[in-house]
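This briefing is meant to be read beside the sequence and the coordinates.

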Amino acid sequence: MMGRIERAILAKMLRHGYIGARHTSIDNLPKGFPKHQRREVVKAARKLIKEGLLIAKPTRYGLEVSLNPRRLKEITELI
């Protein structure tokens, strides 16, 4: 079951064009969410990585994430 936070993360990343090779730090995802939800946003992002909707790219300076281009149609349907 897809929660409200997961949908919001996917919509935000799609709106900003973070698909495939264009990625952002997982630390940037909570921006724009209420302060009390920031920990939940990171948890939801990790759940989306496990489900394969987000692609994780480990770097020396932290974890980068992007939408999985192979599942883009499914992602737009979920939103």
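The points below are grouped by topic and describe a predicted model.

**Helix α2**
- Helix α2 comprises the 14 residues 38-51, which at 1.5 Å a residue should span 20 Å, and the distance of 20 Å between its end C-alpha atoms agrees with this.
- Val41, Ala44, Ala45 and Leu48 are the buried residues named in α2, and because they cover an arc of only 105° around the axis, they lie on the same side of the helix.
- The buried residues of α2 pack against α1 (4-16) and β2 (54-59), whereas the face turned away from the buried side carries the exposed residues Arg39, Lys43 and Lys50.

- Gln37 sits in the loop between β1 (24-25) and α2, counts as buried because its relative accessibility is 9%, and touches Arg4 and Ile5, leaving aside residues up to four places away in sequence.

**Salt bridges**
- The structure holds three salt bridges, one of which joins Lys47 and Glu6, with the closest N and O atoms 3.3 Å apart; since Lys47 lies in helix α2 and Glu6 in helix α1, this pair ties together parts that are 41 residues apart in sequence.
- Lys47 counts as partly exposed at 32% relative accessibility, while Glu6 is buried at 9%.
- Arg71 and Glu74 meet through their side chains at 2.8 Å, N to O, and Arg71 is partly exposed at 24%, as is Glu74 at 34%.
- Glu77 and Lys73 form a salt bridge with closest N and O atoms 4.0 Å apart, both lying in helix α3 (residues 72-78), four residues or about one turn apart.

Key
Residues numbered from 1 in each chain as written. Predicted model: local features only at pLDDT ≥ 70, side-chain atom pairs only at ≥ 80, totals over all residues. Heavy atoms only, no water. Helix = DSSP H or I, 4+ residues; strand = E, 2+ residues; numbered from the N terminus. Expected span 1.5 Å × (residues − 1). Buried < 20%, exposed > 50% of the residue type's maximum accessible area, 1.4 Å probe, protein only. Arc of directions from axis to C-beta. Contact = heavy atoms within 4.5 Å.
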